[in-house]
Amino acid sequence: MNTRFHLIDRSAWERNVYFDYYYHQIKCKYNLNANLDITPLVEWQKARGLRFFPVMLYVIMKAVNRNKEFRMSFNAGGELGYWEEVVPSYTLFHPETKTFTDIWSEYSEDFDTFYQTVVADMERYRNVTGVIKARPCQPANFCPVSCLPWLSYTAFAQDTYSESTLLFPLIKFGKYFEANGRTQIPVSVFVSHAVADGYHTCKLINDMQEIADQLSIA
C-alpha cells in the first residue's frame with residue numbers, strides 16, 4: 001500500500017483562494033447524484049460468478065485514486081496535502097439486527113487482487129457486531145463507501161451537525177435497475193467544496209463510467 005503523503009505548497013496552489021473561501025468562510029459541502037450505465041459490467045460480473053459489491057467498490061476506488069482532489073487530507077501536523085493512494089472503508093450490513101459495521105481493505109489497482117482481498121475481509125469481519133469499527137487500525141488514507149441495495153434512489157443528501165476536518169468524499173450507490181433495456185445504478189458523491197468543484201466531481205463520476213466499461217471487456 002502506497003501511503004506517501006504529498007504536502008501542498010499553498011503559495012503556488014491554484015485552488016488556494018477557493019479552499020480558504022469554502023473551508024473557512026462559506027464552509028460548503030454538496031452532493032452530486034448520477035446514474036451509471038453498468039449493463040456490460042453486470043453481464044461480465046455474472047458471467048464470471050463474482051459478487052457485485054466488490055466489483056462496484058473496485059470501480060469507485062480506482063476512480064478515486066485517479067483524482068487527487070478526492071485523496072486530500074490534513075496530516076497529523078494540520079498541514080494540507082494529498083495521499084498517493086487511498087484505501088476503501090466500507091459498511092457491512094447485518095440482516096439479523098438491521099445494523100452495520102465499518103471495515104477497510106487494502107487497495108490494489110489489479111482487479112483480481114483487490115477482489116480477493118475485499119471478499120476475504122468481508123468474510124473475516126462479517127460476524128463482528130456491537131461496534132462501529134469492526135476492523136481496527138483504520139489507516140489515515142481512507143475513502144468511505146457504502147451501498148443502499150434496497151432502493152434505486154434518484155437523489156441522496158446528508159449533513160452533519162458538528163465541525164469536521166474530513167476532506168475525503170462520501171460515496172454511496174444504490175440498487176441497480178433496468179431502464180430502456182439498460183442496467184443503471186444510482187451513485188451519490190458527497191464532496192467538500194474546498195477541494196473539489198463540480199468539474200472535479202463530474203470527472204470522478206465520468207471516470208467511474210469509463211472504468212466500468214473497461215473492466216467489462218477485460
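Visitor: How many salt bridges does a search of the whole structure find?

Guide: This is a predicted model: local features need pLDDT of at least 70, side-chain atom pairs count only at pLDDT 80 or more, and totals for chains, interfaces and linings use all residues. Residues are numbered from 1 along each chain as its sequence is written, and side-chain values use heavy atoms, with hydrogens and water left out. A salt bridge here is a side-chain nitrogen of Lys or Arg within 4 Å of a carboxyl oxygen of Asp or Glu. The search of the whole structure counts eleven.

Visitor: Glu123 forms a salt bridge with Arg51, so how many residues apart in sequence are the parts it ties together?

Guide: The closest N and O atoms of Glu123 and Arg51 are 3.3 Å apart. Glu123 lies in helix H4 (residues 111–125), and Arg51 in the loop between helix H2 (39–47) and H3. Helices are DSSP runs of H or I with at least four residues, strands are runs of E with at least two, and both are numbered from the N terminus. The distance in sequence between the parts tied together by this pair is 72 residues.

Visitor: Is Glu123 buried, partly exposed or exposed?

Guide: Buried means under 20% relative accessible area, exposed means over 50%, and partly exposed is in between (1.4 Å probe, protein chains only). Glu123 has a relative accessible area of 38%. That makes Glu123 partly exposed.

Visitor: And what does Arg51 count as?

Guide: Look at the relative accessibility of Arg51, which is 34%. With that value, Arg51 counts as partly exposed.

Visitor: Which residue meets Arg135 in a salt bridge?

Guide: Arg135 lies in the loop between H4 and S7, and its partner is in helix H4. Both members of the pair are buried. The N to O distance is 3.3 Å, and the partner of Arg135 is Asp121.

Visitor: How far apart are the closest N and O atoms of Lys203 and Asp207?

Guide: Lys203 and Asp207 are four residues apart in helix H5, so about one helical turn separates them. Lys203 is partly exposed, at 32% relative accessibility, whereas Asp207 is buried, at 7%. The two form a salt bridge, and the gap between their closest N and O atoms is 2.9 Å.

Visitor: Which residues do salt bridges that share partners join into one network?

Guide: Start with the helix H5 pair, Lys203 and Asp207. Shared partners link this pair with two others.

Visitor: Now the helices: at what angle do H3 and H5 pack?

Guide: Two packed helices are described by the angle between their axes and the distance between the axes. Axes are lines fitted to C-alpha atoms, for helices over the stretch in contact, and angles run from 0 to 180 degrees between N-to-C directions. Helix H3 spans residues 52–64, helix H5 spans residues 198–215, and their axes are 8 Å apart. The angle is about 130 degrees.

Visitor: H2 and H3 cross at roughly 135 degrees; what does that make them to each other?

Guide: Angles under 35 degrees count as roughly parallel, over 145 as roughly antiparallel, 65 to 115 as roughly perpendicular and the rest as oblique. The axes of H2 and H3 come within 10 Å. With their angle of roughly 135 degrees, H2 and H3 are therefore oblique.

Visitor: Which residues make the nonpolar surface patch of about 550 Å²?

Guide: Patch residues have over 30% relative accessible area and no salt bridge; like charges are joined within 9 Å, and nonpolar side chains (Val, Leu, Ile, Met, Phe, Trp, Tyr) within 5 Å. One member, Phe100, lies in strand S6 (residues 99–104) and is partly exposed at 43%. The whole set is Phe93, Phe100, Ile132, Trp150 and Leu151.

Visitor: Where is Asp102, and is it buried or exposed?

Guide: Asp102 sits in strand S6. Its relative accessible area is 12%, so Asp102 is buried.

Visitor: What is the phi of Asn180, which is not a glycine?

Guide: Asn180 sits in the loop between strand S9 (177–179) and strand S10 (182–192). Asn180 is exposed, with a relative accessible area of 81%. Its phi is positive, at about 55 degrees.

Visitor: And what value is the phi of Cys137 near?

Guide: Cys137 lies in the loop between H4 and S7. At 68% relative accessibility, Cys137 counts as exposed. Its phi is positive in a residue other than glycine, and is near 65 degrees.

Note on methods: Accessible areas come from the Shrake-Rupley method with a 1.4 Å probe; for residues, only the protein chains shown count as cover.
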